[in-house]
Amino acid sequence: MSELRTTSLSHKDNTTGTPNITMYADGTTSLPGTALGGFRNALVNGDFGVNQRGGGPFSAGTAYTSDRWKVNNGSLVTVASGGAYGTNKLSINGAAVCQAVELTPNPGRAGVFPVGSQWTFSIWATAQPTDFTAGFVDVALDGTNVVTVVSSTAMTSTTETNNGFTKYTITFTVNASPVSTNVGFQVALNNYTGDVSLAQLEPGPVATPFEHRPIGTELALCQRYFESSIADQYGYNGNGGNVTYFDQYNYMTAKRIVPTVNRTVTGSVNVTNASVININLTALLVFAQVAATGSYSVSTVITLDAEL
């Protein structure tokens with residue numbers, strides 16, 4: 001049995017000087033100018049295209065903004081068009097912004113971030129990120145049981161520019177393991193002021209082109225952690241007064257944990273009480289207590305929060 005060992009492969013007619021396939025010592029590969037094998041980007045919603053909470057402005061404090069992206073200590077964080085290559089941008093004013101990638105299959109397991117694995121984080125920004133950090137966390141931007149992998153480090157420009165944004169990168173090797181309570185691997189820009197766009201965290205030492213996934217796929221990935229929807233009830237009650245009707249609401253996507261439910265009634269007719277019960281990973285029950293015989297309806301907006 002023979003074995004071929006090489007670091008790159010090129011088509012016989014490739015005269016660009018850039019290999020079609022580059023192979024690295026850690027077992028990863030890159031294919032410049034392609035989609036780079038599905039789901040190379042470990043971050044969800046890296047182009048800020050999914051915004052179930054709206055576009056802001058989000059006020060000072062610690063909060064999720066564009067789906068999966070959390071900020072703290074800033075003010076008037078907004079999501080808008082005008083990012084690199086026609087995508088959205090997140091505008092930040094003196095805040096930390098981060099995303100924590102879920103560790104699977106269980107808390108305390110390194111998952112795709114074992115000791116010795118090499119990762120590259122890249123982002124398009126209007127100002128150089130000078131305080132990048134990475135590590136294992138219990139809760140995003142919480143500071144509890146943090147296992148530091150990268151301390152405060154400035155990112156390096158690739159000199160690529162578009163629409164007022166410059167691409168910045170940093171490559172690091174995971175040098176520690178999570179503790180038993182850690183649920184995520186967090187990458188963060190701290191004390192940052194400016195606009196950011198097209199964030200990517202990928203295995204290997206090269207910052208490849210941003211991976212654009214279908215918007216439906218990206219939305220479903222976001223909805224594992226947060227979902228905003230309408231759970232209306234309506235019908236005809238022919239059973240007299242004080243009758244309770246139940247309906248099951250199935251989530252768009254199964255949640256990471258049993259979610260925290262926030263419910264807002266926007267209008268009701270012939271209903272004296274309405275609420276939710278039996279909340280689990282995939283569904284909940286909504287109920288309406290109807291006052292009298294006749295038609296009834298209750299309009300409800302619910303949010304399901306299972307974020308890290």
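Modeller: The account below begins with the helix and then turns to the loops and the sheet.

This is a predicted model, in which local features need pLDDT of at least 70 and side-chain atom pairs count only at pLDDT 80 or more, while totals for chains, interfaces and linings use all residues. Residues are numbered from 1 along each chain as its sequence is written, and side-chain values use heavy atoms, with hydrogens and water left out.

Helix α1 spans residues 215-223, and its buried residues are Glu218, Cys222 and Gln223. Helices here are DSSP runs of H or I with at least four residues, strands are runs of E with at least two, and both are numbered from the N terminus. Buried means under 20% relative accessible area, exposed means over 50%, and partly exposed lies in between (1.4 Å probe, protein chains only). The buried residues pack against β14 (226-230), where contact means heavy atoms within 4.5 Å.

Cys222 counts as buried because its relative accessibility is 1%. The structure holds 0 disulfides, a disulfide being a pair of cysteine sulfur atoms within 2.5 Å. For Cys222, the nearest cysteine sulfur is that of Cys98, 14 Å away. Cys98 likewise is in no disulfide, and at 0% relative accessibility Cys98 counts as buried.

The loops hold several backbone features. Most residues other than glycine have a negative phi, and most peptide bonds are trans. A cis peptide bond joins Gly56 and Pro57, with omega about 10°; Pro57 is in the loop between β3 (29-30) and β4 (63-64). Another cis bond runs from Thr104 to Pro105, with omega near 10°, and Pro105 sits in the loop between β7 (88-102) and β8 (118-125).

Positive phi values occur at Arg68, near 75°, and at Asn242, near 65°. Arg68 belongs to the loop between β4 and β5 (70-72) and counts as buried because its relative accessibility is 2%. Asn242, in the loop between β15 (233-237) and β16 (243-250), counts as exposed because its relative accessibility is 57%.

Finally, Thr130 lies in the loop between β8 and β9 (132-137) and is partly exposed, with a relative accessible area of 48%. Leaving aside its neighbours within four places in sequence, Thr130 is in contact with Ser152, Thr153 and Ala154. The C-alpha atoms of Thr130 and Met155 are separated by 6.0 Å, although these residues are 25 residues apart along the chain.
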